[in-house]
Amino acid sequence: MRIIHCAWAAALLSALAAGSCAKDTTGNGGTGTTESYNDKIDSYLAERYLWNGEYGQMTRDLTIEYAADNDNFLTRTLLGMTSNTLDKKRYTSGTGQNYYNLYSYITRKARSRAATGPKTRGVNHGVRKETEYGFGFARLGVVRFSNTGKAGFYVMAVYPGSPADRAGFRRGTIFSEIDGAEIADSESEYTPVYKRLTSPSGAASVLFKVRETGEETTLTAERLYPNPVLRAEVIEEGEHKIGYMVYNGFDAAYDDDLLDSLRKFRDAGITDLVLDLRYNGGGHVISAKMLATCIAGEKCDGEVFQYYRYNDSRMADPAKTQKQTGNTYDREKALFYENFSYGDYYGADLKQYALGLQNIYVLTTGSTASSSEAVINGLRGIDIGVTLIGEKTNGKNVGMEIDKFDDGDYSYELAPITFEGYNAKKETVNPAGLAVDYAVPDWNNRLVDFGPCLLYTSPSPRDS
């Protein structure tokens, strides 16, 4: 039995996100034409893409479908460039084939009519909680059953209280059949099934067969709040009070929930923190800065959380770029920056949540990326000790300024890479990933349930 590694899984998720944009040659679901949308995308890239020098010299074909599956104006144009190596990264698929994938993306989805949760305490930065239909799988992986030509799915994480959680599905549960049918070991076969399980259409019902027991269970999708704080608990080990948090994504809409967990840790007087970021591919920088500030406490007061480098034309106009980004320009270092926020932060006094730790432990995999790596790098920039356990991280040291717009019944999200980040020591994350202090595979013949002491060493996985 073989597990498709995390880098491939991240690429699959990206492809599925792009795949939600159905091809429509008559305007792609909005009121404008393909050319009119591409003109908007092209203008944004020409101004803000980190490698806009080469981009501006290219001949761009504005007639390419702007929201087609996987092959659209943005992806085809940016994949044709050579200087954007921090965006266009090389990966190896589960079958051993090499390919390139972009961090930059554009997605389209039907405008949600879901009820949203109330804004609470203001710290969600105006981003509102919104429900989405789901079975409760926070993460699923693809598994190939060796020498059978069949594939399945294994549970990596579930949302507490969800249908999957209530059914008893846990990390490591493997599904060998969906709706009574086996799944062929072919990307074209298992990708649409994967999408059904992770992004169901409405209150759909699906029959799952568990490989280990043969038990069959039907789940019906429900509207869920995908809270990225999957687990937060205090575990006592001798004189140590260990705060353990599984954090699945930096989603500003759930910053209140993140602060509630940090308050729990502070009130308990934790001596150690294990931050489980194995599947956290990033998200809002404002949430990353908030988390890092609370971990460091008073030590971060007045210190730089992150420096930023934009493209050459934007760096040459500091006043305009400062207005666009809200970040301050440091003329001596010729970089923009933002400090930690030890104090008031969008209506919340972070001093009340500060843990003031000198060392923390972070669990990582190749899916640990972007804002997760920024937290690690930012804390190291002010000499907070960060011990990494698990697998080398993704190596995404760049980020996006996202442009969102609506047209007709659709919402669009344009997210090209626009900056590179550095910590207070002007150190950036290695594009090859952050090396771990203790190497332990996430999949080790099985997946152990979440917990601070779950990582262990054993022989490498073998086909079964």
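Residues are numbered from 1 along each chain as its sequence is written, and side-chain values use heavy atoms, with hydrogens and water left out. Because the model is predicted, local features need pLDDT of at least 70 and side-chain atom pairs count only at pLDDT 80 or more, whereas totals for chains, interfaces and linings use all residues.

Across the whole structure, 20 salt bridges were found, a salt bridge being a side-chain nitrogen of Lys or Arg within 4 Å of a carboxyl oxygen of Asp or Glu. One of them joins the side chains of Asp 442 and Arg 171, at 3.6 Å from N to O. Asp 442 lies in the segment after strand 27 (438-439) and Arg 171 in the loop between helix 5 (163-166) and strand 8 (174-178), so the pair ties together parts that are 271 residues apart in sequence; helices (H or I, at least four residues) and strands (E, at least two) are DSSP runs, numbered from the N terminus. Asp 442 is buried, with a relative accessible area of 10%, and Arg 171 is likewise buried at 8%, where buried means under 20% relative accessible area, exposed over 50% and partly exposed in between (1.4 Å probe, protein chains only). Asp 442 also forms a salt bridge with Arg 278, with the closest N and O atoms 2.9 Å apart. Since Arg 278 lies in the loop between strand 15 (272-276) and helix 8 (285-296), this pair ties together parts that are 164 residues apart in sequence. Arg 171, Asp 276, Arg 278 and Asp 442 are linked in a network of salt bridges.

The largest nonpolar core has 43 residues, and those with the most contacts inside it are Leu 262 and Leu 379; such a core is a set of buried Ala, Val, Leu, Ile, Met, Phe, Trp, Tyr and Cys residues joined through side-chain atoms within 4.5 Å. The elements that give two or more residues to this core include strand 13 (229-237), helix 7 (255-268) and helix 11 (371-381), while helix 8 gives the most, with seven residues. Leu 262 touches, among others, Met 245, Leu 291 and Tyr 353, a contact meaning heavy atoms within 4.5 Å. Apart from this core lies another, of 25 residues, among them Leu 45, Tyr 49, Trp 51 and Ala 67.

Aromatic pairs number 25, with rings of Phe, Tyr and Trp (its six-membered ring) pairing if their centres lie within 6.5 Å, and planes under 30 degrees apart counting as stacked, over 60 as edge-to-face and the rest as tilted. Tyr 308 and Phe 419 form an edge-to-face pair, 5.1 Å centre to centre with 85° between the planes. Tyr 308 lies in strand 16 (residues 304-309) and Phe 419 in strand 26 (residues 417-422), so the pair ties together parts that are 111 residues apart in sequence. Tyr 308 is buried at 2% relative accessibility, and Phe 419 is buried at 9%. One aromatic cluster is formed by Phe 135, Phe 137, Phe 169, Phe 175 and Phe 208.

Finally, Asn 394 is placed in the loop between strand 22 (385-390) and strand 23 (398-400), and is buried, with a relative accessible area of 12%. Residues that Asn 394 touches include Lys 89, Tyr 103, Glu 373 and Pro 431.

Technical notes. Lists of a residue's contacts leave out its neighbours within four places in sequence.
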